[in-house]
Structure formats: structure tokens, C-alpha cells
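Welcome! Have a look at the sequence and the 3D structure below, and then let us walk through them together.

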Amino acid sequence: MITTSSLPLSDRLLALVLRLCGGLAALVLGGIVTVLLVRALPFLVSEGAGIWKSTWQPGQGEYGMAPMIAGSLFVSVLALLLAAPVAILLAAWLRYFAPRLRRPVLAGVELMAGIPSVVYGLWGMLVLVPWINQWVPPGASWLAGSLVLALMIVPLALLVTDAALGQLPLRYQRAGEALALSRVGMLRRVLLPRAAPAIVGGVVLQFGRALGETMAVLMVCGNVVQWPDSVFAPVRTLTANIALEMAYATGDHRVALFASGLLLIAVTGVLLMASWRLRGMSHG
Amino acid sequence: MADRVAWLAGLVLLALVMVPVVLMVTALWQQSADVLSAGFLLEDPGRAGRSGGIAALLISTAWILGLCLMVAVPLGLGCALYLSESLPADSRRAQWLGGVLDMLAAVPSIVYGLFGYQFFAITLGLGFSILSGALALSLMVLPLMIRSAEQAMRAVPMGYRQARDALALSRWGWVRRILLPCAAPGIAVGIILSAGRALAETAVLLFTAGYVLRRPDSLFDSGRTLSVHIYDLAMNVPGGMPRAAATAVVLVGLLVILNLLVRRVLRQPMTEALV
């Protein structure tokens, strides 16, 4: 190994610049957390307990976020319950039952994953909400949000599952064939259980994405701050609340929105760590 | 027997995913049929977007996208080089930095919007401007840019690195003459993916780049991107639906073109760029 002092100047400069760039990524994350903390911390110290209450009346100084936290969770959980089984089974089916369809479907699914969330939201407003409205008014609801989110989650969950199955050793399949196991039995007893940690890890990550999704949910959920009494009731999520009220919020109201941003980042952080654990990755 | 049932079940699942997508495309097409024309791309919007086209928005979008990439690509390349060249893949610091990147990728986009508003618009005094929006957006696409460039760089064959060491090439010469040309297709894919992500984004821009419909005169003017336009027309402008759908068709069209570009670049073998 050559010692640093003997390297030409350009190389030493390069090493320095690269180190700075590497530090920058850490700086961005640190900066985001710091800015949110600086804005929200005094408020959290003085009114922290208040955010867990049920009344959101910024005009009267009441900043209870519980119904919106619940709204975020409800919409995301239902979306995941709808999307995950479809995505996992479809990925397995494409790999082991219809390998000839796999490439074209994955290409289409990649395209789906790139469609902007506003476009999914627009589709929800144009088609889904009127359709649910015919059935049970008002249409813009928890269910509409979950259905749109589910459609957005399926492509990513499918790609993650496909990658997880692709990493299984080929000998499992060969052994199964040699034993003349049925493909369904093989999947159920061997392949899916083996890939389960990676699949679940990927799905947990999608849950984080669903919680953080703003536009699509904002456009189809109805945005009423309330505890939903059925899947057909309108709800407002934390993210939608930020997008709706940031434009005119001032003072404590604005600070409360920063506090909800902090909450979102904390929850996604926890989910990410859970996902690392499940996928057996370690990070420092 | 079980296998045959599974075949059918799979087809049903596939239909379950594909039918909504087909419905989405037809709904957008029907809504926008009366509006879409060459004029739609060339005219400026009028009456809060209810009439006219999207020329001003295409200009704002191009500015924001261009600036965003001008910031994100060099920084992303630097960080990717640091990860792939200065650090062994299994070192503590590489793992730690990887964790930071995963976290950045997982941060909800609305939080980037909050941060961009507070830091770029207020603290740095850039206000609601193309510059604030582009900077916030560049931070959001940074992890994607870094990860794809890093992958492309790590894929450069080990033999090249051994040859480099045997010839005692300078690091700078190695990076400029061999590593970057070899990794160029992968880096191009990273740039295209980042551009796609940036084009699709709305929440980051709502309170950084703002809503203004006019053509921007400078980087310090507010400007509205296509995606923000779709949101505003659909939610806040009565009678805006047809033009929201038409804008969505244009935006999705752009993204499909980017997607095809990625496919095209990826098909090219890595070594071809060397010659």
C-alpha cells in the first residue's frame, strides 16, 4: 500500500472531495432531523401530551393528532392487507408456474411503479370514488385510500418478493422435482417459508412507504378529521394534514405540523430497522 | 390437480392487478380526449388552468428538473465513488453510510417538503422559488442516484482494479479514464431513474417551489411543475378535471419514454462504452 504522502496532489484532492461527498449524505439526514427537532421540540416539551388527544382545533390551540395518526395507520394497514397477499402470490406464480409471463409482467409492473402518486390519486377521484359513492356515499373514504394505496404497493412488493425468491438456491427446486413434489406443496412448505424473512422485510418497508404517502391519499380519503366508524367513512392522514394546512398555518399550528413530520420520520425509522432485522442486514 | 387450480388462481390475481391499470389508462384517456392536442403543449394556461395548455408548466418543470439533476448528479457520483472506491464494502463506515442512505430513501417526501420549506425557503431566504424546489428535490433523489451509481461502479470487473494496481495508475487517472467510462451505462440509468422520480414528485414541491402558473423569469420565481398542476386542477379548481387528466397523460408519457430509455441503455453491454 502506498502511503498518502507519496500520492500525487490530484489523488489527495480526489480522496478529500469524495470524503466530503460521503459526509454530505450523513449531513442531509442529520440536517433534516435537526431542522424538524429545532422547530418542534419546544412545542413537544410544552404541549407534547396534547398531541395524543382527539381534538384537532388549531384555532383554539388544540392539537390532538390521535384521529389522524389512526387514519394513517388504518389506511396503510388495510392497503397492505389487500396488496401483500396478491403481490406475494403473484410473484411466486410468475416464477414457478408461468415463467414465460414473468418478464413481460415484471416490465409492466416496473412501469406501474414509476407512475406518479398524483396520477394514482387522480384515477381514484375519477373512477374509484364515484364508484364507491354509488354503493355507499360519500365515496371519498378510508376504503378508497386503501384501494389506491394497495394498487401503488403491489408493484413494489411484487418486485421485492421476486428478488427474494430469486435468491433461493436452485437446489431446493431440483430436490423438490426429484422427489416429485407438487409445485404447490413445494411453494407452501419449502420455498415461501425459506424466503419469508426477506419477503416480510420488504413488505415492512412498503408499510413505511404507505404511511409516508401523501398525494394519492390526500386526493381520495375525504380528509375529515375523525375516528372512522366504517371503511366507508372519510379520514384524514397525518401526511394529508401537513399538505392541506401548511399553506396557511402560522405560529403553534405550523409547529404542530413540524411535530407530525417528526413523528412520521421516527415511525419510518423504526420500520426500516425492523426491515433490516428481518432481512438479516446489519448497519453499524 | 392442485397445480392446475394454482394456474387459474394466478391468472385471476394477474387480472386483479391489470384491470385497475387498464381502467386507469382508459379513464385518463376519455377525460382528456377533448383537450389533448399539439396546442395543449404550446399554449400557456388561462383561468387558473381551466383553459389553455401547459407550456408555462413544461418550462417550470424543465428548470426544476434540470437544476435538481445539476445538484444531485455530481454529489451522487462523488458519494458513490467514495462508497465504491475509498471504502471496502464490508467496512463499518460503508455499512453505516449504507444505513444512512436507506434511511434517506425511506423518509416520506412530505418531510423533505417540510425541511425544504424551513431550510431553503425560510432560513436561506430563497422563498417559494424554483431554486428552493429543485434543491429540496435533489436531496430526495440523492439516495437513488448514489445507490444506482455505486452499483454500476462496483460492477466494474475486479481484474481492472488489479491491472490498475499492477500499473500503479493514479487514482484520478483510474477514475477518469477507466472507472467512469466503464460504469457510464449504469450511471446513465441512475440519472434517468432519478429524473423519473423527480418528475413524479409532488409533495416536496407544494411548499418549496409553490403554485404560480406564470412562466418563471428567474430561478427565484415560483413555478409549478406538471405533477403539482395535476393536483391543483383536480382538487382546487372546479371544472379542472379534463386538463388535469390531459396533464397526467403528458406526464405519464414522459415517464414511459424515460423507462424505455433505461431499457435501451441496460441492454448495452458494459464494456462497449470503453471503446
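Accessible areas here come from the Shrake-Rupley method with a 1.4 Å probe, and for residues only the protein chains shown count as cover. By that method chain A exposes about 12,700 Å², with carbon and sulfur atoms supplying 65% of it. For chain B the accessible surface comes to about 12,000 Å², and 67% of this belongs to carbon and sulfur atoms.

Before going further, please keep in mind that this is a predicted model: local features need pLDDT of at least 70, side-chain atom pairs count only at pLDDT 80 or more, and totals for chains, interfaces and linings use all residues. Residues are numbered from 1 along each chain as its sequence is written, chains are lettered from A and ligands numbered from 1 in the order in which they are written, and side-chain values use heavy atoms, with hydrogens and water left out.

Let us start with chain A. Its 10 helices and two strands are DSSP runs numbered from the N terminus (helices: H or I, at least four residues; strands: E, at least two). The C-alpha trace of chain A spans about 70 × 70 × 30 Å along its principal axes. Of its 284 residues, 52% are buried, where buried means under 20% relative accessible area, exposed over 50%, and partly exposed in between (1.4 Å probe, protein chains only).

Chain B has 11 helices and two strands, arranged as α-α-β-β-α-α-α-α-α-α-α-α-α along the sequence. Its C-alpha trace spans about 70 × 70 × 35 Å along the principal axes, and 55% of the 275 residues of chain B count as buried.

Now, where do the chains meet?

Finally, find B:Leu104 in helix α4 of chain B (residues 92–106). Is B:Leu104 buried or exposed? Its relative accessibility is 1%, so B:Leu104 counts as buried. Leaving aside residues up to four places away in sequence, B:Leu104 touches A:Ala25, A:Val28, A:Leu29, A:Ile32, B:Tyr112 and B:Pro143.

Terms used: Contact = heavy atoms within 4.5 Å.
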